[in-house]
Amino acid sequence: MIRTGTRYRLLALFVLPALLVYVGFSVYPLLSSVALSFFDTADGGSVFTGFGNYVYLFTDPYVSERFWNALRNSVLFFGIHLVVELPIGLLMAALLTSNSIRRSRGVYRTLLFIPATLSVVIVGFLWRLIINPLWGLISFPLLGDPSTALPTISLMSVWQYIGIPMIFLFTALIAIPDDILEASRIDGARAWSTFWQIKFPLILPQFGLISILTYIWTFNGFDIVYALNGSAPGPNYSTDILGTMFYRTFFGSSGQVADTDLGATIASVVFFIILVTTAAYFVVLQRRLKTYEL
Amino acid sequence: MRSKLAPLAALTVAAVGLALAGCSTGGGSGDGADVTTITFGNWRVEDASLWEENVIPAFEKAHPDIKVTYQPTGTDDYNAAIQSQIESGTGPDVMMCRPFDVNRAWIKDGYFDDLSGLDGIDGFTDTALAAWQGDDGDPYCVPIASVLAGFYYNKAIFSELGLKVPTTMAEFTDVLKAIKDDGKYTPLALGSADGWQLSYNVLDSLGPNYWQGEDGRLGLIDGTKKLTDPEFVDAFQAVSDLKSYMPDGFESLTYEDQMQLFTLGKAAIMPDGSWDVTAASATGLDVGIFAPPVQKAGDQRYLQEMPDQGVGLNADSKNKDAAKVFLSWLASSDFQSIYVDKVPGFFSMGSEPVEYTNALAQEFADLKTDALLTPRLQLDRLSAGTPPLDDDTWAVLQTVLNDGVSAEDATTTLQTNLDSWYTPAS
């Protein structure tokens, strides 16, 4: 038996490499980006401005309008994923674990997961052609109407990533021991009530986790919108989300000069929003979900 | 399944290993001792083979001690890529400069060396140099090429319907109306999904005839004119009037879609820039080009000539002597005649005349005769703040076409946004 002090030192030694990489490539950039948001680096020099950039972001009529618009769009982008992707993912996972398709389970699982392995650019391009009003299936300009453009893009993203919650919930479902399910069958429960009263409560913690992961992914979302509509996503910024607004501000677009301080400010605000909601979720909800020993 | 894949995986690893080994030995030997290699950063991915096969070999033949590596980044990512490369000290030796405000910011941040005194830099007109000047008035980039904008038209459709090339806006409307009434073809290949082209290829092409080119553009810069003045409102109205001749579902048609519509022979007219002369005639269509029509017969004609590419010297370059030799060569007519000939659709900005072998490029160049030239309205000084007039115009033009916002409201929005940060330089 090694003494506790030595043991901790040994453990620290094993943790150190990972910790160094994490601090160097994740914590340090994050903190320096937050620090950058308190400075104004126009015209060569760098001046400390306190919360000046934040005040500007929330009070300047044009910039704040863009920000609130992007925030609203990000919420909608997440909302569509939450109400479409997760329930369908759950349904698919439930169907995959049901006995009716047991023989071709592997085929279905692979087919449903394939889109998640495709490049966003390819997915965007395919869907753009499918819904093209000139030679596509639908003559309505889905991507050109400000009220349908973002829901359309969100659904493309849902289509692509439906496999992720499906696989996630599928693995949770197959982990449920057969004896519990057999017991419920012997007690006379039908498939429907077995699912909602036995299986779903058992995978609820995983369902919660994939919800919050979806929240983090969509609030950090950027690629599908950028691939389809560039860094000033039209029509008239109706598909602009926080990620594209950050990119446009931080790196500049073809006609816009980059503003790294304001970009860092937006990044910090997004980080703060995600941090607070995620923390709140874990403190308020996830702790209350019952985990059962199986 | 897994066992079947194992040999394949081993093979892949071996192949990658071999390839890496090949790379490392290849990199070590190669260049002789006294050859300097300079890198050339730019956004013309599509011209890579033209530069590598025609332009750079011509330079290397004249200067055997210098090798040039062409290093392109897609145009959407170019600004971001250059900025991060320069900030981290890994920038290319010479690089393409964006015109006007973005470049002015880059000059201010010390990205470039001052090029006054470079051999050949005085062979350009002041308007050509103006796009790449610093606030001190010194040149920072060698002007390489400009682009023009106009209207491509399908000659077969025009002769089938007995139409004549329009020279006034009234004739233009008549032509569009005749094609629409005939019903067989889409009058105008134009979609509004890409905001930039509504601005660059339509408003900035038709508009100068309304705001009288430099008069209107410089008037906005020095504050004597406002976007709400009638000449600007009329120009926005002219764009808005095109709506009924655009294809169904134009709201979500992209720039690529409209090019297909035109090259498949399904649309009669397409507003576009000169950089597309090769693409527009790629399917063998008989294509012609006409200038933006004037308001009334006999009016002075204006044409958009946009300084597009300049090349500047990275202030942190370690090969400045070799880089300057390359830049001087770019300023010479030796380079210009090769470039505009091999990359049709781009036009020389030097004072010496150059001939174009591509017929469409020559047609575009001919549009310059008797026309007063003016760059795009939004890019000089008016896009150096937030919101930049450039991006703002893209979004506002989309609302004009997609949501039916009136020309008055559109110009009022733009002027209000501009006034929120811009103080006219007197």
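How many bridges join S8(B) to strand S9 (residues 371-374) of chain B, and do the two run parallel or antiparallel? I looked this up in a predicted model. I counted 4 bridges between S8(B) and S9(B), and the two strands run parallel. Within this pair, I noted that B:Arg301 has B:Ala371 in S9(B) as its bridge partner.

**Entry on the other partners of S8(B)**

I next turned to strand S3 of chain B, residues 94-97, which is joined to S8(B) by 4 bridges in an antiparallel arrangement. Here I found B:Val94 opposite B:Leu313 of S8(B). I then examined strand S4 of chain B, residues 141-154, and recorded 7 bridges to S8(B), again in the antiparallel sense. For B:Cys141, I identified B:Gly312 in S8(B) as the bridge partner.

**Entry on burial of S8(B)**

Is strand S8 of chain B largely enclosed or open? I found that 12 of the 13 residues in this strand, which covers residues 301-313, are buried; I therefore describe S8(B) as largely enclosed by the rest of the structure.

**Entry on B:Ser420**

I located B:Ser420 in the segment that follows helix H18 (407-419) of chain B. I recorded B:Ser420 as partly exposed because it has 14 C-beta neighbours inside 10 Å, whereas a buried residue would need 20 or more and an exposed one 12 or fewer.

Which residues does B:Ser420 touch, leaving aside those up to four places away in sequence? I found A:Pro61 and A:Tyr62. I also compared B:Ser420 with B:Phe346: they lie 74 residues apart in sequence, and their C-alpha atoms are 36 Å apart in space.

Definitions and conventions:
Residues numbered from 1 in each chain as written. Chains lettered and ligands numbered in written order. Predicted model: local features only at pLDDT ≥ 70, side-chain atom pairs only at ≥ 80, totals over all residues. Pairing = 2+ DSSP bridges. Contact = placed C-beta atoms within 7 Å.
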